[in-house]
Each structure stands twice: as structure tokens, then as C-alpha cells.
Amino acid sequence: MLLDTRGDFADLETFGQEYEWIQFDHNQVLEDLWNELNPHAKEWWDLLDISDKQSAELPSLPGIEDITRLIFICRHLKTAISHQDIVVILPHPHHAIRLLGMAQQGPVLIENLLEPLLNWWDNTRKSLSAVETLLRIKLPSSQQLRLSAQWRHYFEYLQTLCNDRMLHRFYLILDGADQSILHLMRRLSLCGMNAVTPSGLIVSDLDSQAMIQISKELDPSMIELVSNDQLSKDKIETIESKYKANLFLDSPHQSIAVYLPGVDKTELVIKQSGTTIFLFYLGQKRVIELPISLNTLTCQRGQINLGWLTLRFIQPEQNA
């Protein structure tokens with residue numbers, strides 16, 4: 001099965017082959033979703049006077065297309081035949097990396113957007129009980145707008161696949177024509193800052209000397225660096241073997257190792273707030289929640305080697 005999440009991918013050599021080719025259509029996914037949600041939350045839609053509207057009449061919301069992309073992937077992953085090979089064509093690199101970062105959040109992605117508002121509504125609804133009686137109206141429950149068990153399962157399944165490198169392979173293809181090594185490494189840095197690690201980094205139109213220089217900055221056990229014209233069956237098999245986790249906890253040595261390929265230590269800002277570590281780099285932010293074994297400690301320093309950021313922690317009094 002080939003899932004085209006761009007919706008406009010075209011490859012005449014592979015089109016119509018033995019596998020099923022399914023293209024993403026934002027408007028169709030939105031219509032299917034609306035038809036499913038309309039009866040489920042009809043009291044809300046009646047209150048907002050939109051229950052009789054078609055999906056095309058609903059207002060566009062910022063970011064909604066990425067949510068429908070994830071829903072598109074979720075649905076087809078769950079309906080795929082067991083052990084069936086699935087190839088997902090993602091949007092262009094910057095967009096794709098952010099999308100994979102979102103997919104790793106699972107149901108929390110949706111709940112973080114809705115939960116504060118729904119909790120506020122539940123509290124407000126209780127205080128308006130007298131108004132309900134006086135006006136003879138029924139204020140709908142927030143439960144109708146919460147993820148159903150089925151949808152929660154969909155997003156949890158996608159989260160599991162995207163978080164475990166043993167369960168997926170991510171091929172990142174970059175155009176190296178007229179690009180400096182610095183520029184390519186900055187583009188690669190988006191991966192680690194979104195907790196995404198490609199198994200294979202495929203670069204086209206880059207001379208061999210530049211390829212060697214880039215390879216010296218990457219951990220070969222994490223990423224297979226391949227020139228586009230050297231891509232072969234053997235290289236694909238090598239890429240398939242790259243599934244080491246991209247975050248390690250070393251409790252005895254009070255440290256955490258995070259894989260951030262392409263990140264330059266001189267421009268990386270590390271901050272700690274309580275039990276949370278914040279990493280800032282070129283406008284990107286990554287949040288790391290400390291495990292119980294380290295959550296009473298203070299981050300003392302960080303160093304980078306072959307793309308691995310090692311954060312070392314000490315007792316607060318040692319830092320005084």
C-alpha cells in the first residue's frame with residue numbers, strides 16, 4: 001500500500017503497479033470526519049447552529065490540514081492487512097519532520113488543544129444549571145467532544161509506530177545541489193529537534209568530499225548516509241538495520257543522551273525548569289521530561305559528539 005500524504009505525488013514508473021495507491025484529499029477526510037462527528041455531537045452543533053451544514057461550509061482552522069493528514073494515515077494503517085508493507089510519501093522535508101513530531105504525541109496532540117477548553121466548559125455548565133431550568137434549554141456535555149475509544153486507539157497506534165524505530169524506517173531525501181554543508185546540517189537538525197531520526201539520509205548532487213565531511217559528524221549506527229547515485233539494494237538493507245533508539249537514560253552516571261544530528265553546540269541553548277529540560281535551536285524547541293531517577297537533580301553541562309547530546313546532572317547542593 002502506498003499512502004500519498006502530499007496528495008500530488010506523481011511517479012509514472014510506479015503508478016498502477018501491483019500495490020494500492022491512495023492519495024490524501026483534505027476535503028474528503030474532512031467530510032468523512034464531519035459525517036461521523038455530526039450525529040455524535042449533535043447537541044453541540046445545534047447550539048452553534050451548524051448541525052445542518054455541509055463540511056464544505058465549515059470555517060477553515062489553522063493547522064487543521066495536518067490533523068486530517070494524521071487521521072488519513074491512522075485510518076489506513078488500521079485497515080491494512082497484517083504484515084502488509086506500507087510506504088508513506090510525506091510532504092517536503094521541513095513539513096514532514098514536523099508532521100512526524102506531531103504523530104509521536106498520539107491522543108495528547110488533540111487533547112492538549114481541547115482539554116483546557118472542555119474542562120472550563122464542564123465547570124461553567126455546572127454553574128449554569130439554574131439558567132438551563134429557567135430557559136428550558138439543555139447545555140451539552142463536553143464528553144461529546146472528547147476522543148472516542150476508537151479514535152484514541154487510532155492515534156495511540158500511530159504514536160507507537162512513530163516512536164519506536166524498530167517499527168518504522170524514515171528515509172530523508174535532501175537536494176545537495178548548490179547547498180553548503182552548513183545549510184544541509186541545519187536542515188538535518190530539524191529532525192532531532194522534533195524527536196525524529198531518519199534511518200537513511202539520501203543526498204543528491206553532492207560531491208564525495210562533502211559526503212565524507214558530513215559522515216564524520218554523524219553516528220553511523222544511527223543514520224546511513226547515502227549518495228543518491230549510490231543507492232542500491234545492499235544500501236537499502238543497511239538502512240533497514242538502523243533502529244537504535246534516539247534517547248538513552250544512564251541512571252548510574254546521572255546522564256541522558258539525546259540524538260540531535262546536525263545541531264551545533266555553540267548555538268544550542270539548554271534550560272531547565274523543575275523536572276523539564278528545554279532545548280532551543282534555530283527557532284526550534286524540544287521538551288524533555290526528566291525520569292524519576294533524575295527529576296530532583298540539576299543539569300550541570302551538556303556536550304555533543306557525533307550528534308549525541310549528553311546531559312549530565314548533579315545534586316542541587318553540588319551546584320551551589
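**Figure 1. Helix H4 and its burial in the predicted model.** A residue is buried under 20% relative accessible area, exposed over 50% and partly exposed in between, with a 1.4 Å probe and protein chains only. This is a predicted model in which local features need pLDDT of at least 70 and side-chain atom pairs count only at pLDDT 80 or more, while totals for chains, interfaces and linings use all residues. Residues are numbered from 1 along each chain as its sequence is written, and side-chain values use heavy atoms, leaving out hydrogens and water. Helices (H or I, at least four residues) and strands (E, at least two) are DSSP runs, numbered from the N terminus. By that rule the protein chain has ten helices and 13 strands. Of its 320 residues, 40% count as buried. In helix H4 (residues 93-103), eight of the eleven residues are buried, so the helix is largely enclosed by the rest of the structure. Those eight are Pro93, Ala96, Ile97, Leu99, Leu100, Gly101, Met102 and Ala103.

**Figure 2. The nonpolar cores.** A nonpolar core is a set of buried Ala, Val, Leu, Ile, Met, Phe, Trp, Tyr and Cys residues joined through side-chain atoms within 4.5 Å. The largest one holds 52 residues. Leu70, Leu158, Leu201 and Ile214 have the most contacts inside it. Helix H3 (residues 64-79) supplies the largest share of this core, seven residues. A second, separate core has 17 residues, including Met193, Val258, Leu260 and Leu268. Contact here means heavy atoms within 4.5 Å. Setting aside residues up to four places away in sequence, Ile214 touches Ile181, Leu184, Met185, Leu206 and Leu225. Across the protein chain, take contacts between residues at least 6 apart in sequence: 65% of them join residues at least 24 apart.

**Figure 3. Helix H3 crossing helix H7.** Axes are lines fitted to C-alpha atoms, for helices over the stretch in contact; angles run from 0 to 180 degrees between N-to-C directions. The axes of H3 and H7 (residues 149-163) come within 9 Å and cross at roughly 90°. H3 is therefore roughly perpendicular to H7. From H3, the contact uses Leu70, Ile71, Ile73, Cys74, Arg75, Leu77 and Lys78. From H7 come Trp151, His153, Tyr154, Phe155, Tyr157, Leu158 and Leu161. Eleven of the contact residues are nonpolar, one is polar and two are charged. Ala, Val, Leu, Ile, Met, Phe, Trp, Tyr, Cys and Pro count as nonpolar, Asp, Glu, Lys and Arg as charged, and the others, Gly among them, as polar.

**Figure 4. The parallel sheet E4-E5-E6 with helices H9 and H10.** Two strands pair if DSSP finds at least two bridges between them. Three strands make this open sheet, with parallel pairing. Strands E4 (171-175) and E6 (224-227) form the edges, each pairing on one side only. On average, neighbouring strands are turned by 20° against each other, direction ignored. E4 and E5 (residues 200-204) are joined by five bridges. One of the residues paired across them is Ile173, whose bridge partner in E5 is Ile202. Helix H9 (residues 208-215) packs on the sheet and touches E5 and E6. Its direction makes about 175° with that of E6. Helix H10 (residues 233-240) lies across E4, E5 and E6, at about 160° to E6.

**Figure 5. Glu224 in strand E6.** The residue is charged and sits in E6. Is Glu224 buried or exposed? Glu224 is buried, at a relative accessible area of 12%. Beyond its neighbours within four places in sequence, Glu224 contacts Ser199, Gly200, Leu201, Lys235, Thr238, Ile239 and Lys242.

**Figure 6. The E9-E10 hairpin.** Strands E9 (residues 269-273) and E10 (residues 276-281) run antiparallel, joined by five bridges. Gln272 has Ile277 as its bridge partner in E10. Two residues lie between the strands. Gly274, in the turn, has a positive phi of about 65°.

**Figure 7. Positive phi at Gln254 and Leu306.** Neither residue is a glycine. Gln254 has a phi of about 50°. It occupies the loop between strands E7 (247-250) and E8 (255-259). Gln254 is partly exposed, at 27% relative accessibility. The phi of Leu306 is near 55°. Leu306 lies in the loop between strands E12 (298-305) and E13 (308-314). At 34% relative accessibility, Leu306 is partly exposed.

Note on methods: Parallel < 35°, antiparallel > 145°, perpendicular 65-115°, else oblique.
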